[in-house]
Amino acid sequence: MSQVSPNRRVSCTRGSQVGSKCRFSCTIGRKLVGFPNFNCQSTGRWDKTQTPTCRVVSSSTSCRKQATSHNRCCGRTSYSSRFQMCCAGRLRRKSRGVNTCCGTSSIRLATQGCCRNVVFTKSRQGCCRASVFNLSTHQCRRSVLSVRPGGASEEEEEEEGGVGESTQTNQEEEEEEEEEE
């Protein structure tokens, strides 16, 4: 079996003779795509017809393609980026308006936000530095979270479960500064 390639190696037990077993491998920094082992059958033909190739290792080429439509990898699983997305190593289905990740979750940007991998509902909650907060009881001005005049106390909000991990985006901070002026 003489399949020469600068990034691919092959070693065979008995050359191209019947009964020979060949194993393909790739140079460092490349990943084998296809079957690595070939056997020379009693007919003198190899048991597989398509030799493997070697691809540069990256987050989008570090798995074996499971379907012809698959063009990306999520960990070791291949997927089609037209219908799915990889959110922190987990596959999530894309749908109308849902095409962004927040940690391991997929979110609908029109109604949901993401603060340090915590999903929140934009109509009821916001984010300020490292906290998701209730918009009706709190406000964030220049990255400082405070209780709105007439808003609930911190104890009441904690009972409602309104505080969590998050970060305010630059755009939200700019909008708040404009409102303040």
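**View 1. Three strands, E1, E2 and E4, form an open antiparallel sheet in this predicted model.** The strands lie in the order E1-E2-E4, where helices (H or I, at least four residues) and strands (E, at least two) are DSSP runs numbered from the N terminus, and where two strands pair if DSSP finds at least two bridges between them. Strand E1 (8–12) and strand E4 (37–39) are the edge strands, each of which pairs on one side only. Neighbouring strands of this sheet are turned by 20 degrees against each other on average, with direction ignored; the axes behind this value are lines fitted to C-alpha atoms, for helices over the stretch in contact, and angles run from 0 to 180 degrees between N-to-C directions. Strand E2 (residues 21–26) is joined to E4 by three bridges, and the two run antiparallel. Arginine 23 has asparagine 37, in E4, as its bridge partner. Residues are numbered from 1 along each chain as its sequence is written. Because this is a predicted model, local features need pLDDT of at least 70 and side-chain atom pairs count only at pLDDT 80 or more, while totals for chains, interfaces and linings use all residues, and side-chain values use heavy atoms, with hydrogens and water left out.

**View 2. Serine 20 sits in the loop between E1 and E2.** Is serine 20 buried or exposed? Serine 20 has a relative accessible area of 0% and is therefore buried, given that buried means under 20% relative accessible area, exposed over 50% and partly exposed in between (1.4 Å probe, protein chains only). A polar atom of the serine 20 side chain lies 3.0 Å from the backbone nitrogen of arginine 14. Leaving aside neighbours within four places in sequence, serine 20 is in contact (heavy atoms within 4.5 Å) with several residues, among them Cys12, Arg14, Phe38 and Trp46.

**View 3. Proline 52 lies in the loop between E4 and strand E5 (53–56).** With a relative accessible area of 1%, proline 52 is buried. Not counting residues up to four places away in sequence, proline 52 touches Arg8, Phe24, Leu32, Val33, Gly34, Phe35 and Phe38. Proline 52 and serine 25 are 27 residues apart in sequence, and their C-alpha atoms are 8.9 Å apart in space.

**View 4. Cysteine 102 and cysteine 114 are joined by a disulfide.** A disulfide is a covalent bond between the sulfur atoms of two cysteines, and here the term is applied to a pair of cysteine sulfur atoms within 2.5 Å. How many disulfides does a search of the whole structure find? The search finds seven. In the pair shown, the S to S distance is 2.1 Å, and the torsion about the S-S bond is about 80 degrees, so the disulfide is right-handed. Because cysteine 102 lies in strand E10 (residues 98–102) and cysteine 114 in strand E12 (residues 112–115), the pair ties together parts that are twelve residues apart in sequence. Cysteine 102 counts as buried at 1% relative accessibility, whereas cysteine 114 counts as partly exposed at 28%.

**View 5. A disulfide joins cysteine 115 to cysteine 127.** The S to S distance is 1.9 Å, and the torsion about the S-S bond is about -40 degrees, so this disulfide is left-handed. Cysteine 115 lies in strand E12 and cysteine 127 in strand E14 (residues 125–128), so parts twelve residues apart in sequence are tied together. Both cysteine 115 and cysteine 127 are buried.

**View 6. Cysteine 128 and cysteine 140 form a disulfide.** Their sulfur atoms are 2.0 Å apart, and because the torsion about the S-S bond is about 60 degrees, the disulfide is right-handed. The pair links distant parts of the chain, with cysteine 128 in strand E14 and cysteine 140 in strand E16 (residues 138–141), twelve residues apart. Cysteine 128 is buried, with a relative accessible area of 2%, and cysteine 140 is buried, also with 2%. Cysteine 40, by contrast, is in no disulfide, and the nearest cysteine sulfur, that of cysteine 22, is 7.9 Å away. Cysteine 40 has a relative accessible area of 6% and is buried.

**View 7. Over residues 154–181 the pLDDT is below 50.** The pLDDT is the predictor's confidence in each residue, from 0 to 100. For the protein chain the mean pLDDT is 79, and 78% of its residues reach 70 or more. Where pLDDT is low, the predicted coordinates should not be read in detail.

Conventions
A polar contact is a pair of N or O atoms within 3.5 Å; within protein, one must be able to donate a hydrogen and the other to accept it, and residues adjacent in sequence count only if both atoms are side-chain atoms.
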